[in-house]
Amino acid sequence: MACKNASSSAMPLLLVAGTVVLALLASPAAAFNITRILGEFSDFSTFNHLLTQTKLADEINRRQTITVLALDNGAAGGVSSLPSDEQRKVLSVHVVLDYYDTEKLGGMKMKNRSAVLTTLFQSSGQATDRMGFLNYTKRSDGIMVFGSAEPGAQATSQMVKVVVTRPYNISVLQVSSPIVPPGIASVSNSNTGAPPPHPAKSSAPAPSPSKSKGKKSDAPAPGPSDDVDDDTAADAPGPAVDGPTADGPAADGPAADGPTEADAPAHDKGDVADAPSAAGRAVASSAGLGVVALVVLIFPSVSL
């Protein structure tokens, strides 16, 4: 019973351990590190530095199966002398997206002893005119040569030796000279250069004023005081009369612009109705004199 219990408790541990081992084996980071591989060879220090500087080494390390056509320090000078925007593109042409060693290259069934290889530059989406491919040829004398597949390019870079092989993950082969597609400079300029600014549209000249407008603008504009005086004289009510005359009531004054009695406020109407007119005062004064005269005639002794 104890043995059965021990074996049953150990089963989960074994399953966990097996899962961890499988995860480590399947991890992309466990494949290879191109910087460490080339770091073991001083002859490729310049090439290794270029891969790190252009950050191409990180992209290579993310691949599972790859072939690097490496350049020694003398040949790598042809790449380091290029502009920085071209260096990464040229170096990516030296990275083939498959595993190739001398056995695979020598035993390939090729038509006319040639084959077309796909490079990392093709996967960047910047390659044109077959710049992202390599022409591989095995000559009759057994020498293996590489060249750009761009029309007009020559296959002149020869394989020198095998540096490192780890079937079937990575293969590092030394080649004699850089593989530079002829049109790589134009591709670099078209992709990295800023587009030329559009020429600014010239604004249309302002139309010149016509003669009639010119004459109108030359004539002196009437002063604001004149307009105000005319409008004020037309709209303002006439001067108020100091007092209504005995010959006519105040309503005989100009009523065209001034407010009429009907439009006047209610308290103004009351004032007009209560105020005695000039004719009423004259009649009252005449009546008073008549009463005084009558009293004098009736009571002469009073006046004496």
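User: Which residues does Thr 137 touch, not counting residues up to four places away in sequence?
Analyst: This is a predicted model, where local features need pLDDT of at least 70, side-chain atom pairs count only at pLDDT 80 or more, and totals for chains, interfaces and linings use all residues. Numbering runs from 1 along each chain as its sequence is written, and side-chain values use heavy atoms, without hydrogens and water. Contact means heavy atoms within 4.5 Å. By that rule, Thr 137 touches Arg 113, Ser 114, Ile 143, Met 144 and Val 145.

User: With which side chain does the side chain of Thr 137 make a polar contact?
Analyst: Thr 137 lies in strand β4, residues 133–138. Strands (E, at least two residues) are DSSP runs, numbered from the N terminus. A polar contact is a pair of N or O atoms within 3.5 Å; within protein, one must be able to donate a hydrogen and the other to accept it, and residues adjacent in sequence count only if both atoms are side-chain atoms. At 3.1 Å, the partner is Ser 114.

User: Which are the edge strands of the sheet?
Analyst: The open sheet has 7 strands in the order β2-β1-β7-β6-β5-β4-β3, with mixed pairing. Two strands pair if DSSP finds at least two bridges between them. Pairing on one side only marks β2 (95–96) and β3 (114–118).

User: Which residue in β2 stands opposite Val 68?
Analyst: β1 (residues 66–70) pairs with β2 over 2 bridges, in the antiparallel sense. Opposite Val 68 stands Val 95.

User: What does the chain average in pLDDT?
Analyst: pLDDT is the predictor's confidence in each residue, from 0 to 100. It stays under 50 over residues 209–280. At least 70 is scored by 51% of the residues, and the chain average is 71.

How values were computed
Helix = DSSP H or I, 4+ residues; strand = E, 2+ residues; numbered from the N terminus.
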